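Hi,

Here is the structure I promised to pass on. Have a look at it first, and then read on for what turned up in it.

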Amino acid sequence: MGLHDTLHALFLVDQQVRGLQSRLDSAAQLVRTQNAKIDQRTRQRDEIADRLKHTQATAANFENEANAAEERIEKLRQQMNTATTNKEYSAFLLEMNTLKVEKGKVEEQALEELTRADALKADLDEHEAKLTEQQRIRERAETELAERKADVSGRLEELKAERAEAAEKVPSNALAVFDRLLNMFDDDPMAPVIETDRRRLEYNCGGCYMQIPIERVNQLATQDEVVQCPSCQRMLYLEAELRESMGIKSNS
Ligand SMILES: [Zn+2]
C-alpha cells in the first residue's frame with residue numbers, strides 16, 4: 001500500500017476509535033456533572049440542616065427560660081399566699097410582674113425561632129427531595145455508563161489494537177502530522193477532496209470547504225506524499241470514486 005492508502009486506513013480505524021471513545025467519554029462526563037451537582041446540593045442541604053439545628057436549639061433555650069420564669073412565678077404566687085406583711089407581698093408582686101413581662105418576651109422569641117425553624121424545615125425537605133431526585137439521575141447516568149462500557153469496551157480494545165497496527169504502517173513523519181492534527185482539531189485530521197467543478201478544475205476541502213489549488217490535487221493524485229489543505233491543514237485524500245473518475249490508478 002502507498003502512503004495515501006495507509007494513511008486513509010489509519011484515518012478510518014482512528015475515526016471508529018474516537019467515535020466509540022466519545023460515547024464512553026460523554027457518558028462518563030454526565031456522571032461527573034451529576035456528581036458535582038449532588039455535591040453542591042449536599043452542601044446546601046447540610047448548611048440548612050445546620051441552621052435548623054441552631055434555630056431549634058435557640059428556640060429550646062428561650063423555652064427553657066420561659067419555663068424557669070414560670071416556675072419562679074409559681075413559687076412567688078405561693079410566697080405571696082404566705083406573706084405576712086404588705087411590704088413583703090408588694091415586693092413579691094413586683095418581682096412576679098417583672099418576671100411575667102420577661103417570660104412574655106422570651107416566649108415571643110421562642111415563637112419567632114420556632115416559626116423560623118418551620119420555614120427551614122420546609123426548605124430542608126425541599127432540598128432533600130431535590131437531592132433524592134438528583135441521586136436518581138446520577139444512578140441512571142451510572143447505569144448508562146456501565147451499559148456503554150459493557151457495550152463498547154471489547155470492541156474499543158480491538159479497534160485500538162487495529163489502530164496501532166495501522167499506525168505502524170504509516171511512515172513516522174506522516175504519522176507525526178496525523179497525530180498533531182488530531183490534537184489540534186480533536187476531530188478528523190483528514191478530509192476528502194470534493195470536486196465542485198471538473199471543467200474549471202475547482203476542488204474544495206471536505207473539512208473546511210475552502211478551495212484547494214489544482215496543484216495540490218495533482219500532487220495528491222500523482223505523488224506519494226502528504227498533502228495538506230492550505231486553509232485548515234487537514235491531510236487531504238481522494239476518495240475511491242473521485243480517483244476512478246479522474247482516471248487515477250489505485251496505488252495499493
Ligand atoms: Zn481544509
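Is Tyr 209 buried or exposed? With a relative accessibility of 55%, Tyr 209 counts as exposed, because the cut-off for that word is over 50%. Before you go further, keep in mind that this is a predicted model.

While you have Tyr 209 on screen, look at its backbone too. Its phi is positive, about 65 degrees, even though Tyr 209 is not a glycine. You'll find Tyr 209 in the loop that runs between strand 2 (202-205) and strand 3 (211-212).

Gln 233 is another one to click on. Gln 233 isn't a glycine either, and its phi is positive at about 75 degrees. It sits in a loop as well, the one between helix 4 (214-222) and strand 4 (235-237). Gln 233 has a relative accessibility of 33%, so it counts as partly exposed.

Now zoom out to the domains. The chain splits into domain 1, covering 3-162, and domain 2, covering 176-245. Their C-alpha centres are 58 Å apart. Where the two domains are in contact, ten residues come from domain 1 and 14 residues from domain 2.

Next, the helices. Helix 1 takes in residues 3-81 and helix 2 takes in residues 86-169; they pack at an angle of about 170 degrees, and their axes are 4 Å apart. An angle over 145 degrees counts as roughly antiparallel, so that is what we call helix 1 and helix 2. What kinds of residues make up the contact between them? There are 40 nonpolar, 16 polar and 31 charged ones.

A polar atom of the Thr 6 side chain is 2.8 Å from the backbone oxygen of Leu 3. If you ignore the neighbours within four places in sequence, Thr 6 is in contact with Met 1, Lys 169 and Val 170.

Leu 30 is also in helix 1. Its relative accessible area is 43%, which means that Leu 30 is partly exposed.

Cheers

Methods
Residues numbered from 1 in each chain as written. Predicted model: local features only at pLDDT ≥ 70, side-chain atom pairs only at ≥ 80, totals over all residues. Heavy atoms only, no water. Axes fitted to C-alpha atoms, helices over the stretch in contact; angles between N-to-C directions. Helix = DSSP H or I, 4+ residues; strand = E, 2+ residues; numbered from the N terminus. Parallel < 35°, antiparallel > 145°, perpendicular 65-115°, else oblique. Nonpolar A, V, L, I, M, F, W, Y, C, P; charged D, E, K, R; others polar. Polar contact = N/O pair within 3.5 Å; in protein donor to acceptor, adjacent residues only side chain to side chain. Contact = heavy atoms within 4.5 Å. Domains from an automatic or database assignment. Buried < 20%, exposed > 50% of the residue type's maximum accessible area, 1.4 Å probe, protein only.
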